[in-house]
Amino acid sequence: MIEIVPRDRPSGLLTAGVPVIAAVASLLLAAIPLAFAGAPIFAAYGQMVTGVFGSLFAFTEMLTRATPLIFTGLAAAVAFRARLWNIGGEGQLYLGAMAAVWVGSGAVDGPAALMIPLVLVAGAVAGGLGMLGPAWLKTRFGADEVVTSLLLNFIILIFVQMMLEGPLKDPMSLGWPQSEPIIDAAALPQLIAKMRLHAGFLLAIAMALVAHVILAMTIWGLQIRAVGENAAAARHAGMPVRRIFLSVAFASGTLAGLAGVSEVAGLKGYLTADLSPGFGYTGIVVAMLAGLSPVGVVFAALFIASVFVGTDSMSRAMGVSSFLADLTVSMSLICVLLGGFFARFRIRRIRREADA
Amino acid sequence: MMDLLQIFLSESFWAASLRIATPLIFGVLGALMCERAGVLNLGIEGIFVAGAMMGWLVTYLTGSLWLGVIAAALAGAFFGLFHAILTVPLGLSQHVSGLGITMFATALMSFTYRTAFPQVSTPPRIEPFRALDIPVLSDLPFLGPVLFQQTALTWLALLMVALVWWLMDRSALGVAIKAVGDNPDAVNAQGLSVYRLRIGAVVAGSALMALGGAFLTMSAFDAFFFGMVNGRGWICIALVIFASWQPGKALLGALLFGMFDALQVRLQTMAGAIVPGQVFLMVPYVLSIIALILAARKADYPRALLQPWFKGQR
Amino acid sequence: MTKRFGPVTAADHIDLELGRGEVLALLGENGAGKTTLMNMLFGQYTADSGSVHVWDAEGREHVLPPGQPQAAIEARIGMVHQHFTLAENLSVIDNILLGTEPLLRPGRNRRAAREKLEALMAESGLVAPLDARIRELSVGERQRVEILKALYRDVRILVLDEPTAVLTPQEADGLFAAIRGMVGRGLSVIFISHKLREVLAFSDRIAVLRHGRKTGEMVTSEADADAIIRMMIGEAHDAPERTAGTPGETVLRLDTVTIRPGRDSRGLKEVQLDLRRGEIVGIAGVSGNGQSALAGVLSGLLVPDSGAIEVGGERLTALTPRLALSHGVGRIPEDRHHDGIVAAMSVAENLVIERLGSADVQRRGFLRRGAMAENAEALSAAYDVRGPGIHSRAALLSGGNIQKLILARVLETDPAVILANQPTRGLDFRASAEVSRRLIAARDRGAGVILISEDLDEILSLADRILVMHSGALVETESRDRASIGQLMAGHAA
């Protein structure tokens, strides 16, 4: 028989090591589907590594891919800290993108110094409102925000499609449902000539630092942590729990909204209904892999982006389905959950004593 | 107004409502069993995908629809067991584990499908369940087309409503499942295993969910598409709250939902020129949120839902 | 019939024997190891070493496999837990039959079960409504269901863990009478308590536990109360002698505060309460009679349906936690883990969570970590909060140290009113003496203290005035006599 015993204090080494172990474990586990698909395993891993680190282009592609993941990862991490289950990052990303396109594609014109902050704020506010809704339904009616924020993803995506066939449609797009392009003044600048990496990456890192400072060093951050860890005690201590909850929801949505802005204004230049291949959902994995630490989110996002970019490259070269990346990412989530368990508990064998 | 009346009087409308409700009936019953035992199963969306894909694949390979149904249920049970192990004896976050199972199941199924059928322009098809043709009954006016020209899976869903009702409300096992979702200590003190009851309920519930997925590929359509589940699992999670965790109300909720969905399709053809089609596509999700808001205030959640329980600790 | 416990860690090397038809009392303070021991007997916990031996009716010896409640049930051992193990969404009969029926047999024939239960209820005098849901029952009724659950399984050994904690003295007497009757018919009982009085009145033999060890065992008729207390607490019983306060002007008045009874609470009935500077007002009563509603109102967590609260020179219809704090009401919550601390945050952070706005905690929204650390060091020293340090998580503190942390946080602001709700519950003797001393010191500095406690001895030793709560109503009593206070606790006019 075995028994699960909580550790007196969580193992510090294990807690710190869990994300790394989980990441490595998920990469190793990917060998099983690789073998199943009949690919030469070592060559495939080699191709993945080259696909990320083989050239400056490949590496900047990875950073480009990590950018929206940092934003959505932060959105999830900040919300989860307050035990607010924002699973609606995907929808908020689209809201942000839509708002950015709406103000940034010619409706307003001005110098870049004005236009860039404008699209950022517009997208951030749109995303923020996108999470404020479910959070309000939770505080007002007790409607579970997991379900409402999830369902809102579908509603928003359909809404985007509707807008792309209606008011936001680019008349020059020859019938493709895509928006008018972002004007040059509103576009986020490229960081390296001829590479797609854009200023959104720097903004993402800056937001991670801001989130870290807020959580660790401010009253608001302390309140967020208190509400997340023990809402009853926070209420008893006189904290405005409802207001904190709503403010975190808005902040979290803001971050997801910025992911959308960064994708349209930094990378694509216009909005389509396939802007995000699930960045919102992947953000949850990023946040968990980061142990909900904002700085950790940056590293987790780099890892996940590497998995995607490396697998894409390997997939093209060897004909293995690129769904392998999704599989690896989902396994990393499960591995990090299990790892967190072993950091907090140990499993003890119980010997049955022979009776005298 | 006359048009609306015509819709409500048409057999095809009611038949469609029941058809649309079928996967949801499976899903809500499955979610109900899990949650009654105290485990939220957000793996439902992925389990739908697993049921859809495995049911279809096994039928495609063997030509037997019922083998496909069994395969779907087994796939659901497998992912349910996975979720149950993570959340019951290990006591990990039910939210995160569920989302992880959804991502894992979806990715695994998509990968398997792509690997099995690398580059096909038109998706391979199976011969799906046909409407049962029961002599006499099928020819009844109105009731015939609505009830007796459904596929076997719809009948299976209705049978499951009765079975789950009997299990939860009339059997000692159901009492134990409800008790373990309310106060695991009560169950433990009476010498029953909290872990076994919870794991069993989650596994069985997940198998039911997977049948909802199987209905999509084996009855509603005849092929597997990526993204075909499209939030149906999440809708079930909302509906189970609306149904106050009761099988009878689950059936009612799913049917109401099917009705609204069937209605929106018909209104779309009528009003399509004035209102963009997407407005109608949003209806199911908006309805689910409304149902949740209506039910949330007086929702009587199982007391131990989301609470891990460890043997030998209080 | 004999039982033996071998060496056990949580409870250290304890041996116990129980004879047929005997009532053995297990006496000890909170944390002495009584409940742990019984949970191992019952298979709720797994013993690290040692074993349980049961002799059946024919005198054959059986060794119970550890960690399996099922084995204890089969050996016909029943346990009534201190925290009820009832599923509230099920009926009484469902709870009683849970685990006694085959899970999958179609059709449940309940007639035989019902007849057996009716007979049991008639025989024992413990009556409960079989078809009512548990959530509709009072605590007293729930307790009876717990015992019926055990009796239905024909137990030969019954373990009662603090059975009177939630009962009035009169209800407790009824319970003991019923159990006496069953002991006469061959039942053996182990009875866990920390109330010396009922142990002396009710048991045949007494075993005393302290810090997980057995410190003494004697036949009740030959027992000496002072000796038992020494065995329980390990040293001379020097409870702080009660000193009278010197009441001043009124600092808090509750004026006909009423809360309608709800699903989980008895509510409050026109509660009238005047608290003056420099006095401790003790609120006695059996738990569940409105104490938590009263504490909720004073903490700012509950809004009264009618009535007013006068505090800090203002008349308010309701408090919020924030208003309570700004009007000088310091609160020591009943459930210190649930309401008192954020376990995942540091000791230093927990010390300031009630005054995040003040200038030595923050500047322009940023935490002043340095000032917080100084504050925490000073308070930890002054209030003797011991743990791994002010920057480590509060979760790592023991219960007593968590309570000291909360005391430090509350008393540091020198509140005019202090609400102490069950402030010593679950604390060992030393820690609770310290809490009592702090409350008396606060009173002597001029605070008005409201002490809510289930422990009548604590009220008697600390309170300057005593009020009794029953069914949501508050009645003042001049008496300091157990029996007459007990009458009030049971709802009888004095």
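Analyst: Strand E9 (residues 250–259) of chain C and E10(C) pair in the antiparallel sense, and the pairing runs over six bridges. Two strands pair if DSSP finds at least two bridges between them. Strands are DSSP runs of E with at least two residues, helices are runs of H or I with at least four residues, and both are numbered from the N terminus. Residues are numbered from 1 along each chain as its sequence is written, while chains are lettered from A and ligands numbered from 1 in the order in which they are written. The model is predicted: local features need pLDDT of at least 70, side-chain atom pairs count only at pLDDT 80 or more, and totals for chains, interfaces and linings use all residues.

C:Leu252 has C:Leu275 as its bridge partner in E10(C), and C:Val257 stands opposite C:Val271 in E10(C). E9(C) also pairs with strand E12 (residues 306–311) of chain C, again in the antiparallel sense, over five bridges. There, C:Leu254 has C:Ile309 in E12(C) as its bridge partner. In a regular strand the side chains alternate between the two faces of the sheet.

These strands belong to an open, antiparallel sheet of four strands in chain C, ordered E10-E9-E12-E13. Strand E10 (268–276) and strand E13 (314–316) of chain C are at the edges and have a single partner strand each, so one side of each is left without a neighbour in the sheet. On average, neighbouring strands of this sheet are turned by 15 degrees against each other, direction ignored. The axes behind such angles are lines fitted to C-alpha atoms, for helices over the stretch in contact, and angles run from 0 to 180 degrees between N-to-C directions.

Six strands form an open sheet with mixed pairing, in the order E4-E5-E6-E1-E7-E8 of chain C. Strand E4 (77–80) and strand E8 (213–219) of chain C are its edge strands, each pairing on one side only. From one strand to the next, the twist averages 15 degrees. Within this sheet, strand E5 (residues 157–161) and strand E6 (residues 188–193) of chain C pair in the parallel sense over five bridges. C:Val159 has C:Ile190 in E6(C) as its bridge partner. Helix H5 (residues 139–152) of chain C packs on this sheet, touching E4 and E5, and its direction makes about 175 degrees with that of E4(C).

Now the whole chain. Chain C has 17 helices and 20 strands. It is divided into domain 1 (23–233), domain 2 (239–328 + 415–494) and domain 3 (347–413), with bounds from an automatic or database domain assignment. The C-alpha centres of domain 1 and domain 3 of chain C lie 42 Å apart. Along the principal axes, the C-alpha atoms of chain C fill a box of roughly 75 × 50 × 45 Å. A compact globule of 494 residues would have a radius of gyration near 23 Å, and the 24 Å of chain C agrees with this. That radius is taken over C-alpha atoms, and the globule rule is 2.2 Å times the number of residues to the power 0.38.

Buried residues make up 48% of the 494 residues in chain C. A residue is buried if 20 or more other C-beta atoms lie within 10 Å of its own, exposed if 12 or fewer do, and partly exposed in between, with C-beta atoms placed from the backbone. Of the contacts in chain C with a separation of 6 or more, 68% join residues 24 or more positions apart. Two residues are in contact if their C-beta atoms, placed from the backbone, lie within 7 Å.

Most residues other than glycine have a negative phi. C:Arg364 has a positive phi of about 50 degrees although it is not a glycine. C:Arg364 lies in the loop between strand E15 (362–363) and E16 of chain C, and it is exposed, with 6 other C-beta atoms within 10 Å.

Finally, chain C touches chain A. This contact takes 30 residues from chain C and 23 residues from chain A. Helix H10 (321–326), helix H11 (336–340) and strand E16 (366–367) of chain C each supply at least two residues of the side of chain C that touches chain A. The residues of that side divide into 17 nonpolar, nine polar and four charged. Here Ala, Val, Leu, Ile, Met, Phe, Trp, Tyr, Cys and Pro count as nonpolar, Asp, Glu, Lys and Arg as charged, and the others, Gly among them, as polar.
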